[in-house]
Amino acid sequence: MDANGELDDPQFAAFLQEHSLCDLIDETNPGKAPRTYQQSGRRLDYILGDKHVLAAVTKSSSLGSGDGVSLSDHTLQFVDLDCQKLFGVTATAPHATYEREFKLKDVKKKDKFLKELQRIYEHQNIKMRVEELAEALKAQGPTPTLIQIYQTLDDDITRAMRAAAKRSGRKDFGYQRSDVLIMAGRRVRLMKTIASCVRNKMGYPEKVLRLAELLEFDLPAFNSLTYQKIRKMVTEAIHAKREIQRMAAEHRALWLERLAQEAATMKPGSEWEKILKQMITASRQKATNKRLNSIFRPEWASLDHIEVPNEAWFMSNNGEELYDFDNGIFVAHQQIDE
């Protein structure tokens, strides 16, 4: 806060004492806290907290003159907090745009999300549980039992929102599964997670370490890269996956052929070998049908105009038909060749 005064000002000192607040930067750093007003040697800006907040501070400091993005004549200050100590839970950073299941401007998916969320809320009686908890807190206050109920309810609401978003978000349909496509999808997932960790300045979780080992990724090599460079690598991984999806049928057929050869070597004449050969045939047939559909499918385009008839009769030169327009209904009369 910009207190426009120092700690020994009577009014400011009384405010701190009344609300049991302390100067977090002064309390967590040795020596005298630096000035924050560049035009004098005074310290006018503070980050305040009570003893509970003070116990959760992991790092604090005041930036130098001109550092940071501020155009103010005051220097910037910061405090890092251990959210586990402060709130009892780990912090959840907002996801970057490309990591989200859908965007709010996508009206169709937004409506689907709201409908799915409403269905989950009704199934889990969220509204009734919130109202009952509110009445209990009003009557009893924040007892340990009610706090635990609140935490459980909050977890259920969070999981409901994630489930609704997952069901409404982007999905890949129509691509035949193969080992190449699976690995491409894993690479995209790994690169997105690495970008998220770098962006939020977090360490790599255990699942990222396992996935990196599976894909033979050198994670330490990413520590020296900027977020923009890693974001570019995410885009490249997505494009590589799309190229594989474009040839999904061919990749699947090759994959099944390799599996069939392995099955023939290990168990010649087995039922599994016959099943794989049938799957290969079906995969190649599906790929052929897809190509034929793309060739023979008629071209579609959006409407560029609508012609509204002004008369009761309308003559179509293209179809050589005469239409009787009667209260919004066209009745066709074909031309009769003599």
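Buried means a relative accessible area under 20%, exposed means over 50%, and partly exposed lies in between (1.4 Å probe, protein chains only). The model treated here is predicted, so that local features need pLDDT of at least 70 and side-chain atom pairs count only at pLDDT 80 or more, whereas totals for chains, interfaces and linings use all residues. Residues are numbered from 1 along each chain as its sequence is written, and side-chain values use heavy atoms, with hydrogens and water left out.

**Exercise 1.** Determine what the side chains of Asp23 and Arg43 form, and which parts of the protein the pair ties together.

*Solution.* Begin with the criterion: a salt bridge is a side-chain nitrogen of Lys or Arg within 4 Å of a carboxyl oxygen of Asp or Glu. Asp23 and Arg43 form such a bridge, with an N to O distance of 2.4 Å. Next, locate the partners among the helices (DSSP runs of H or I, at least four residues) and strands (runs of E, at least two), both numbered from the N terminus. Because Asp23 lies in strand 1 (residues 22-23) and Arg43 in the loop between helix 2 (24-27) and strand 2 (48-49), the pair ties together parts that are 20 residues apart in sequence. Finally, consider accessibility: Asp23 is buried at 4% relative accessibility, and Arg43 is buried too, with a relative accessible area of 7%.

**Exercise 2.** Describe the pair Arg119 and Glu116, stating whether each residue is buried, partly exposed or exposed.

*Solution.* The closest N and O atoms of Arg119 and Glu116 are 2.6 Å apart, and the two residues form a salt bridge. Both belong to helix 5 (residues 107-123), where a spacing of three residues separates them by about one helical turn. Arg119 is partly exposed, with a relative accessible area of 41%, whereas Glu116 is buried, at 14%.
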